[in-house]
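Subject: Structure handover

Hello,

Here is the structure I said I would pass on. Please open it beside this email and read the notes below as you go.

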Amino acid sequence: MAKEQLQVLNALDVAKTQWYHFTAIIIAGMGFFTDAYDLFCISLVTKLLGRIYYHVDGAKKPGSLPPNVAAAVNGVAFCGTLAGQLFFGWLGDKMGRKRVYGLTLMLMVICSIGSGLSFGHNSHCVMTTLCFFRFWLGFGIGGDYPLSATIMSEYSNKKTRGAFIAAVFAMQGFGILGGGIFAIIVSSAFKSKFDAPSYAVDPVASTVPQADYVWRIILMVGALPAALTYYWRMKMPETARYTALVAKDTAQAASDMSKVMQMDIEGEGAKAAEPTPSDSVSSYGLFSKEFFSRHGTHLLGTTSTWFLLDIAFYSQNLFQKDIFSAIGWIPPAATMNALEEVFRIARAQTLIALCSTVPGYWFTVAFIDRIGRFAIQLMGFFFMTVFMFALAIPYHHWTLKDNRIGFVVLYSLTFFFANFGPNATTFVVPAEIFPARFRSTCHGISSAAGKLGAMVGAFGFLYLAQNQDKNKTEAGYPPGIGVKNSLLLLGALNFLGILFTFLVPEAKGKSLEEMSGEIEDSTIGELGGQTSSSTTQSRV
């Protein structure tokens with residue numbers, strides 16, 4: 001059994017980079033384009049939702065979402081994503097990667113459209129239906145994390161595997177960029193057609209009735225890239241590693257890979273024989289004592305680093321519009337009409353994505369197979385820590401008008417090293433270091449820990465970043481610790497990320513079976529199972 005399996009897997013490991021690899025990157029990557037578009041575009045329209053549905057006559061400032069509604073709208077998709085990562089991660093190992101891959105995409109398409117069609121004319125009705133659809137949208141997005149990463153890792157050769165998985169994740173940068181650009185186009189088109197005075201001049205007329213279409217169109221367009229790739233996802237064969245190692249059908253694995261990769265792979269026999277007692281050493285279950293002795297530290301490393309990274313990454317994305325206001329990139333809300341505010345927020349997010357987010361992802365793609373995952377993650381956490389403290393300690397200095405550009409440069413560098421660093425590597429590594437039969441589940445657990453961190457960032461920092469003076473907080477929020485102290489706290493969390501990175505092994509240049517210990521298990525089985533379990537552990 002082991003011989004035929006190893007023959008198929010070795011053929012994959014040494015296969016030359018082909019057109020099919022790039023096709024797989026696009027097919028898997030468009031899911032991530034949609035994921036990022038859908039998760040981040042809500043931050044572009046939350047101010048608009050406040051103006052439309054929470055306007056208060058006579059108020060000095062435009063309407064804004066109450067704290068509990070803002071937390072729900074921003075955070076409910078993360079709750080769905082966390083649940084989806086765990087569920088679809090588990091399902092991907094039970095039923096196969098391909099069989100559940102299209103399901104996640106259809107869920108994303110339906111719920112993106114549903115989000116834009118949120119019905120009702122009063123605020124309670126619209127926000128409830130919006131949150132409902134965004135939860136299930138998140139559920140579909142959650143499934144895309146473990147499935148896309150696992151599929152790409154199992155298709156790749158060992159020489160360029162890191163770059164291919166990172167390239168799938170890098171599509172997230174284009175999703176953020178695409179969301180910003182599309183919001184600029186839509187808000188500009190509506191602004192030129194339906195001109196309106198600023199809020200200070202006429203509070204009611206500053207939000208034209210047609211503005212209600214703007215946020216709906218922005219949210220619904222997220223369905224397009226996902227819908228366009230559905231057909232090709234359905235045409236992808238099951239990964240050879242799942243078929244050979246989990247379904248134990250080596251002949252089918254060889255046949256599938258021969259078709260798509262234009263190469264001859266021999267697989268003998270229709271199905272591998274039933275496992276013999278000598279194979280039992282490799283049949284330990286998820287969360288068994290054997291699993292924890294082999295992979296427990298690795299799972300702690302992947303979950304903790306992703307958790308810590310996402311607290312910083314998502315808290316910044318969700319209150320970056322407030323940072324831009326504080327440093328003057330976005331004027332006070334009362335000096336703009338509703339559509340102008342959407343345009344300004346989208347422009348600021350697009351500039352940050354263009355200058356730091358997108359380049360950071362592709363630097364990872366370029367260097368991950370040269371300098372390794374460990375070095376990139378350690379470097380990323382280190383520079384994020386340095387830049388966070390550089391922003392936080394002299395925070396008053398950065399808020400002065402003459403120093404705004406310096407603030408934006410440091411802020412951009414923080415994002416650059418998040419993406420040329422742990423934001424990419426935390427996605428790549430869990431798809432490489434666990435056995436095939438647990439790979440999707442363990443990636444789902446790791447990414448769910450990340451989304452737990454994102455929820456801490458999304459919910460917690462809406463409150464924490466509030467001014468310490470209760471007279472200067474946003475409507476409905478209690479005093480927080482301020483932006484300066486929030487940045488100091490984020491810097492400390494990034495430092496913890498440096499420490500937990502030492503729990504994660506390096507996978508550069510090694511096959512998936514070497515990293516997971518599956519080669520040793522098969523070899524031990526062939527030798528007759530004379531070696532004890534403790535010896536196996538020492539070899540892994």
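A nonpolar core is a set of buried Ala, Val, Leu, Ile, Met, Phe, Trp, Tyr and Cys residues joined through side-chain atoms within 4.5 Å. Buried means under 20% relative accessible area, with exposed over 50% and partly exposed in between (1.4 Å probe, protein chains only).

This is a predicted model, in which local features need pLDDT of at least 70 and side-chain atom pairs count only at pLDDT 80 or more, while totals for chains, interfaces and linings use all residues. Residues are numbered from 1 along each chain as its sequence is written, and side-chain values use heavy atoms, with hydrogens and water left out.

The core. The largest nonpolar core has 139 residues, and L49, M127, Y145 and W215 touch the most other members. Helix α2 (residues 19-53) supplies the largest share of this core, 19 residues. Leaving aside residues up to four places away in sequence, M127 touches L49, Y53, Y54, L65, V69 and V73; a contact here means heavy atoms within 4.5 Å. There is also a second, separate core of twelve residues, with Y284, L299, F438 and C442 among them.

The chain. The protein chain has 21 helices and zero strands. Both are DSSP runs numbered from the N terminus (helices: H or I, at least four residues; strands: E, at least two). Of its 540 residues, 60% count as buried.

Confidence. pLDDT is the predictor's confidence in each residue, from 0 to 100. The mean for the protein chain is 84, and 88% of its residues reach 70 or more. Helix α16 (residues 422-428) has the highest confidence, at 95, and helix α21 (residues 533-539) the lowest, at a mean of 37. Over residues 268-281 the pLDDT stays under 50, and the model has 21 contacts for them beyond four places in sequence.

Cavities. A cavity is a set of points, on a 1 Å grid over the protein atoms alone, where a 1.4 Å probe fits but cannot get out; lining residues have an atom within 4 Å of a point. Points are joined across faces, edges and corners, and a volume is the space filled by probe spheres set on them. There are two cavities of 30 Å³ or more, and the largest cavity has a volume of about 40 Å³. Y145, F169, Q172, W306, D310, F313, Y314, N423 and K451 line the largest cavity. Helix α11 gives the most to that lining, with four residues.

Regards

Methods: On a 1 Å grid over the protein atoms alone, a cavity is a set of points where a 1.4 Å probe fits but cannot get out, and a pocket is an open set with protein on both sides within 12 Å along at least five of seven lines; lining residues have an atom within 4 Å of a point.
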